[in-house]
Structure formats: C-alpha cells, structure tokens
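Biologist: Could you walk me through this structure? I would like to begin with the overall build and then go into the details.

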Amino acid sequence: MKEKLLGKTLDELKAVAASCGLKPFAGSQLAQWLYVRKVRSFDSMTNISKAARETLAERYEIGVSDPAGKAVSSDGTCKYLFRVSCPVGKATEDSAVEAVVIPDSDRRTLCVSSQAGCKMGCRFCMTGRQGFHGNLDAADILNQFLSVEDPDSLTNAVFMGMGEPLDNYEAVSRALAVLTAPWGFAWSPKRITVSSIGVIPSLTRYLKEQKCHLAISLHNPFPAERQDFMPSEKAWHLQDVLALIRQYDFSGQRRVSFEYTMFAGWNDTKRHADALIRLLKGLECRVNLIRFHRIPDFPFECSPQGVMEGFRDRLENNGITCTIRASRGEDILAACGMLAGRHKKEENHD
Ligand code: SF4
C-alpha cells in the first residue's frame with residue numbers, strides 16, 4: 001500500500017518534495033493543493049512538473065476517497081459512510097465509519113469519527129457494541145472533512161462520531177494540527193470540539209498541547225452508577241478527570257462542556273441534578289442534555305421532556321449553563337454507530 005500524503009505536516013511535505021527531486025518550496029505547493037485547493041489527483045497539481053507528479057504518484061497516494069454510502073434526513077442532516085482500512089497487528093482490517101453533517105441556521109457542523117468501532121464499551125452506544133476494529137489514521141480523519149458534499153461550507157467540527165478520540169491521540173492531534181495550521185485548513189481551534197469519556201493520560205496531553213474545545217461524556221455524577229453504564233469509569237475516575245480539568249482556564253477562548261444523555265429513572269432525578277451541581281461547582285462550563293434514542297436490547301428509555309426541562313432548570317438556577325440539545329436526523333439513524341452497525345450486519349448477511 002502506498003503512503004498517504006493527506007495528514008502530513010508542512011515539514012514532512014517538504015521532505016517528500018525533496019525526495020522527489022523538487023525544491024523545498026514545492027512542499028508548500030503540495031500543502032496548498034492538498035489542504036487549500038483540496039484536489040483529489042496529482043494531475044490537478046498544475047504548478048508541479050509532470051515528471052515530478054509522476055514520481056509522486058508512483059510513491060504516494062493522496063488519501064482521499066469518496067463515501068461508500070449516504071443518507072439524508074428530512075431535517076437536512078446528512079450521514080456518510082466511509083470505508084477505511086485499519087492496521088490490526090501486522091494485518092489491516094476493512095471497516096466502515098460514519099461522518100454526519102448537521103446543518104443549523106448559518107452553521108454546518110461535521111461530526112467526525114476517529115476509530116472504527118470503540119474499545120470503551122459504553123452500554124448505551126451502538127459503536128461500543130461493535131467492539132474495536134482499529135484506529136483511523138490522520139488521512140482517514142481528514143478525508144471526512146474533504147469528501148462530504150461542499151466541504152468549504154463546513155463551519156464547525158465535533159469529534160463525537162465513532163470511537164474515543166483520545167484513545168487515538170496521535171492521529172487526532174495530527175489531524176488537528178493540519179486543520180488549524182496556516183499552511184493547512186487554517187481553521188480557528190474555536191471551531192473544533194473534541195469529545196472524550198476522559199482517558200486521563202491523553203487528556204493530560206490534549207489539555208497541554210491543544211487549543212480546541214473539550215467535551216466530556218459525563219452521563220452520571222455517581223461513580224458506581226456511571227461505571228455500570230461506562231466501564232471506563234473503573235480506569236479513569238470522573239473525579240480525577242474533573243481535578244485535571246480544573247487545572248486549566250476555561251473562561252477564555254477554550255471551552256469545556258459536559259455531555260449528559262438522559263435515561264428515564266437512571267440519571268434524571270433531583271439527586272442526580274444536585275450531585276452534578278456539586279461536582280461542577282465553580283467551573284466555567286456548559287452542560288448539554290441529550291435525548292437518548294432507544295437501541296435494541298437495552299431496556300432504557302429517554303427521560304420525558306418535562307423531566308429534562310426540570311433537570312435543566314435546576315442546573316440553571318444553580319448557576320450552570322445548561323441546554324437541551326435538539327435531536328437531529330432521527331429518521332436516518334443518526335445516533336453514533338447506527339449506520340455503520342447496520343452496514344456490518346448487511347455485509348454479514350451477504
Ligand atoms: Fe466509545 Fe463513545 Fe460509544 Fe462510549 S459512547 S463506546 S466512548 S463511541
């Protein structure tokens with residue numbers, strides 16, 4: 001398999017240029033073609049000599065690929081399926097991941113996948129149920145930005161698709177570098193949010209090294225209850241995740257938010273709201289309440305609307321900014337992992 005150019009830094013592209021007999025400034029030209037002009041073939045790189053383009057094509061591939069499937073919701077949400085080949089030991093495994101584009105007034109947010117499947121095993125998540133099939137490389141992550149329709153109209157990105165981004169920190173941080181560098185996509189870090197269940201070793205690095213926003217999947221303030229739904233609590237305690245977050249300033253450019261999926265009777269009582277208030281006291285943050293969409297063989301329902309509103313009001317009255325997130329794309333199974341899960345099932349039936 002040829003090496004992919006997508007995901008390489010400017011310095012690495014300069015080295016590629018030099019190895020193909022080009023002057024170092026051709027590295028900047030390559031970055032321009034890949035990340036600004038977003039071309040899909042070496043032939044389109046018209047200011048690079050034909051001979052050099054041929055050498056490049058012999059040794060490298062660009063790393064872009066069209067989606068293998070697409071579903072459009074009546075509310076405009078669009079879900080794409082991408083095929084990926086992930087290294088598993090010495091072999092590679094073919095898999096499928098999803099990217100979702102969510103239009104909302106003047107915003108167009110891309111929900112990005114970072115892994116095929118996931119190791120974290122959250123009980124309420126379809127991706128978790130598929131198990132782990134491998135890490136995406138930076139090219140696979142960036143391809144989601146490049147191969148959805150009208151990529152230049154994307155305004156924001158959330159790493160909330162399939163996988164735990166901080167369990168694939170090297171590839172995610174490389175993709176973030178390309179997305180935010182002046183020679184890359186030149187996005188402001190304020191346009192990007194990375195979500196995590198709180199993988200403490202790479203969260204420590206993320207907080208030190210990155211400027212993008214952070215979203216923590218919290219879902220329950222009580223450790224024993226949280227661990228029942230999210231086995232990761234055993235390894236990385238929420239208390240320790242919060243202690244780490246509190247070492248950083250979130251009153252400026254970078255924001256932290258907490259994702260809280262509402263399950264009727266499990267995490268939506270006054271006891272839970274009050275514990276959450278105590279847990280987040282004094283922290284500049286936002287809580288997003290998320291409607292739970294039923295999944296097969298999991299006996300929980302979403303909290304009723306009135307309960308969600310009461311929960312939100314209790315948090316708001318105690319100084320915590322809290323919103324109920326609008327459901328999007330329900331008719332195309334937009335909840336994380338559902339399309340790829342169905343795709344796998346269909347493949348197995350073939
Ligand atoms: Fe993995 Fe996120 Fe699903 Fe948990 S919710 S299993 S971390 S993809």
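This is a predicted model: local features need pLDDT of at least 70, side-chain atom pairs count only at pLDDT 80 or more; totals for chains, interfaces and linings use all residues.

Biologist: Fine. How many helices and strands are there in the protein?

Modeller: The secondary structure comes to 13 helices and 14 strands. The radius of gyration is 21 Å, close to the 20 Å that the globule rule gives for 350 residues, so the protein is as compact as a globular protein of that length. Along the principal axes, the C-alpha trace spans about 70 × 50 × 40 Å.

Biologist: And what share of the residues counts as buried?

Modeller: Of the 350 residues, 52% count as buried. As for the contacts with a separation of 6 or more, 67% of them are accounted for by residues 24 or more positions apart.

Biologist: Switching to the ligand, which residues surround it?

Modeller: The ligand is surrounded by Cys118, Met120, Gly121, Cys122, Cys125, Gly128, Gly163 and Ile197. By residue class, this shell divides into five nonpolar and three polar residues, with no charged ones.

Biologist: Now the rings. How many aromatic pairs are there?

Modeller: The count comes to 19 aromatic pairs. One of them joins phenylalanine 124 and phenylalanine 263 in a tilted arrangement, with 5.5 Å centre to centre and 50° between the planes.

Biologist: Where do those two sit in the chain, phenylalanine 124 and phenylalanine 263?

Modeller: Phenylalanine 124 lies in the loop between β7 (115–117) and α4 (126–130), while phenylalanine 263 lies in the loop between β12 (256–262) and α11 (270–280), so their pair ties together parts that are 139 residues apart in sequence. Both phenylalanine 124 and phenylalanine 263 are buried.

Biologist: What about phenylalanine 229 and phenylalanine 263, what kind of pair do they form?

Modeller: Phenylalanine 229 and phenylalanine 263 form an edge-to-face pair, 5.3 Å centre to centre and with 90° between the planes. Phenylalanine 229 belongs to helix α8 (residues 223–229) and phenylalanine 263 to the loop between β12 and α11, so this pair ties together parts that are 34 residues apart in sequence. Phenylalanine 229 counts as buried because its relative accessibility is 0%.

Biologist: Which residues form the aromatic cluster?

Modeller: One aromatic cluster is formed by Phe124, Phe229, Phe263, Trp266, Phe292, Phe298 and Phe300.

Biologist: Which rings have the charged end of a lysine over them?

Modeller: The charged end of lysine 38 sits over the ring of phenylalanine 185, at 5.0 Å from the ring centre. Likewise, the charged end of lysine 119 sits over the ring of phenylalanine 132, at 4.7 Å from the centre of that ring.

Biologist: On to the backbone. Which residue other than glycine has a positive phi near 70°?

Modeller: That is histidine 219, which is placed in the loop between β11 (213–217) and α8. Aspartate 150 is not a glycine either, and has a positive phi of about 50°; aspartate 150 lies in the loop between α5 (138–147) and β9 (156–159).

Biologist: Is histidine 219 buried or exposed?

Modeller: Histidine 219 counts as buried because its relative accessibility is 5%, whereas aspartate 150, at 48%, counts as partly exposed.

Biologist: Last one: what does valine 88 touch?

Modeller: Leaving out residues up to four places away in sequence, valine 88 touches Glu93 and His133. Valine 88 is found in strand β4 (residues 78–88) and counts as partly exposed, at 38% relative accessibility. The C-alpha atoms of valine 88 and glycine 134 are separated by 6.1 Å, although these residues are 46 residues apart along the chain.

Conventions
Residues are numbered from 1 along each chain as its sequence is written. Side-chain values use heavy atoms; hydrogens and water are left out. A residue is near a molecule or strand if one of its heavy atoms lies within 4 Å of it. Ala, Val, Leu, Ile, Met, Phe, Trp, Tyr, Cys and Pro count as nonpolar, Asp, Glu, Lys and Arg as charged, and the others, Gly among them, as polar. Rings of Phe, Tyr and Trp (its six-membered ring) pair if their centres lie within 6.5 Å; planes under 30 degrees apart count as stacked, over 60 as edge-to-face and the rest as tilted. Helices (H or I, at least four residues) and strands (E, at least two) are DSSP runs, numbered from the N terminus. Buried means under 20% relative accessible area, exposed over 50%, partly exposed in between (1.4 Å probe, protein chains only). A charge sits over a ring if NZ of Lys or CZ of Arg is within 6 Å of the ring centre and within 35 degrees of the ring normal. Contact means heavy atoms within 4.5 Å. The radius of gyration is taken over C-alpha atoms; the globule rule is 2.2 Å times the number of residues to the power 0.38.
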